[in-house]
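Let's take a friendly walk through a protein chain together. Keep the sequence and the 3D view at hand as you read.

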Amino acid sequence: MSKLQTKALDGKHPDQMNTNKERYGSYHGPGYASPLDAMKGPREKLMYVLCVLTPSESRHPNYLATVDVDPESPCYCKVIHRLSMPYLDDELYRSGWNTSSISFGDTSKERNCLILPCLKSGRVYVVDTGSDPCAPSLCKIIGTREIIKKANLGFLTSSRDLGNGEVIISAAGDAFGKGKGGLLVVDSETWEVKGTWESPEDGPIEIFDFWFQPRHNVLITTEGGQPKFFVNTFDPDNLRKGRYGHQINVWDLTTHHLLQSLNMSEDSAPREIRFLHNPNSAHGFVACALESAIHHFYKTEDGCWAADKVIQIPNKKVLGWIYPEMPGFLYDLLISMDDRFLYLSNWAHGDIRQYDITNPYCPKLVGQVFVGNSLRKGGPVTVLEDLELDCQPDPFVIQGKKVQGGAHMLQLSLDGHRLYVTTSLYTPWDRQFYPDLIRDGSVMLQLDVDTEKGGLCVNPEFLVDFGHEPFGPARAKEMRYPGGDCTSEIWE
């Protein structure tokens, strides 16, 4: 075993030893035939979780944790393997697969590699999850120099498989942190950098996240702002100066040309974007972090695209914070496989919300729960005016552990019954807003979901505490299932 890996040696569930092909029966290619077929898939048993260590506290690299989430396993809620990266200070942030349900039916393809773009270092790690799902191993490093030489991109965020033998990775800016980002194209077999995706006359452009819908021949990107203005801390002095993004951009999936730019609002900072899972749908949602709003985008009868604000989280008027008003910092959203519910996380306010989006033009709030926040009673912040709550939330404690940070990354079980959440955002922002999170580490929680009427409640039996990791307190970020999940699957 590599010195970069640690592994639990006892009590593994027998099913966890099977490869993807063995676990899912006769092989029909990666993923599922449709979103509704995915909902009938096997219950999640393993979770791959990105973990970041604070440079000042630990001189150990970031790592990929394999977490046992099978309630029948003796290792339930435990980290059973850790794959450390070979370099320091990468800031693992997002992850994506080498293939997905877009290639269902192609038996030559297998979901066996997890791509880990690095926000700070600009590297890309490719991890082999197919040889041993319980103990992933590093199989390729795409170096920063190669990416800068061939694409002049840095500050890497999201990655997705296009289904044509290429993986694209969004870059928020160039190597110097300017808002000259783009989509990095990588060959999913050789892992060679091929250049940028967008047509030369339309780039470079700010890009934070993206999603595409093949049947409508469209790819839509978000603008999260220029990295040099958000990579260290959040500074209110950067507001109203055009330094944070305010648009989503619509691209032709075939020609790679920019078709439209849709304005959200000044300093809205649109980040996470999702189409509905139904491959015929021309509807989706985008989370605007600083505006604390969700916008619904859709294709109009004349073939153009439009967007309307459909959810607004009110700011809180406060004392003891860096600004007189506290936005929610709405940093993640996902949509259930049946396109019925949307889930979002407010990292500063600390709550997770569930909306019924049966009518995408008019979402209805049906569930809400607080899991740590800046507004907690007894904390440094005093709320002066709150349009939603009568009093500040209590500190969130589970199994004796006081949870630090606020709800950030979300992952939903395929059947929609279990919602997983982690509580770290990004090292400099964690340090700025939740200094105790740096000291104590973050957690992974699981919420039970009422899929009939709507509703959320924390499962008191589930807690993965990253505060007592072998290399020091760690902060957990994005989560992935080996067989695909609600934030990775796209259908053609």
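A disulfide is a pair of cysteine sulfur atoms within 2.5 Å. Keep that cut-off in mind, and remember too that you are looking at a predicted model.

**Cysteines**

Start with Cys 139. Its closest cysteine sulfur belongs to Cys 113 and lies 4.3 Å away, which is too far for a bond because a disulfide needs the two sulfurs within 2.5 Å. By this rule, the count of disulfides comes to zero.

| Residue | Relative accessible area | Class |
|---|---|---|
| Cys 139 | 42% | partly exposed |
| Cys 304 | 36% | partly exposed |
| His 277 | 4% | buried |

**A histidine in a loop**

Where is His 277 found? Look in the loop that links strand S17 (270-275) with strand S18 (283-288). The side chain of His 277 reaches two backbone oxygens: that of Ile 335 at 2.8 Å, and that of Cys 486 at 3.5 Å. If we leave aside neighbours within four places in sequence, the contacts of His 277 include Pro 35, Met 337, Asp 339, Glu 489 and Trp 491. With a relative accessible area of 4%, His 277 counts as buried because the class takes in values under 20%.

**A four-stranded sheet**

Now turn to an open sheet of four strands, ordered S9-S10-S11-S12 and paired antiparallel. Which strands stand at the edges? They are S9 (154-161) and S12 (193-196); each has a single partner strand, so one side of each is left without a neighbour in the sheet. From one strand to the next, the twist averages 25°.

Strand S9 and strand S10 (residues 166-173) run antiparallel and are joined by five bridges. You can trace one of them from Gly 154 to its bridge partner in S10, Gly 173. Helix H3 (residues 144-151) packs on this sheet, where it touches S9, S11 (182-187) and S12. The direction of H3 makes about 45° with that of S12.

**The whole chain**

Stepping back, the chain holds six helices and 35 strands. Its radius of gyration is 21 Å, close to the 23 Å that the globule rule gives for 492 residues, so the chain is as compact as a globular protein of that length. The C-alpha trace spans about 60 × 55 × 45 Å along its principal axes. Of the 492 residues, 63% count as buried. Among contacts with a separation of 6 or more, 60% come from residues 24 or more positions apart.

Notes
Residues numbered from 1 in each chain as written. Predicted model: local features only at pLDDT ≥ 70, side-chain atom pairs only at ≥ 80, totals over all residues. Heavy atoms only, no water. Helix = DSSP H or I, 4+ residues; strand = E, 2+ residues; numbered from the N terminus. Buried < 20%, exposed > 50% of the residue type's maximum accessible area, 1.4 Å probe, protein only. Polar contact = N/O pair within 3.5 Å; in protein donor to acceptor, adjacent residues only side chain to side chain. Contact = heavy atoms within 4.5 Å. Pairing = 2+ DSSP bridges. Axes fitted to C-alpha atoms, helices over the stretch in contact; angles between N-to-C directions. Rg over C-alpha atoms; globule rule 2.2 N^0.38 Å.
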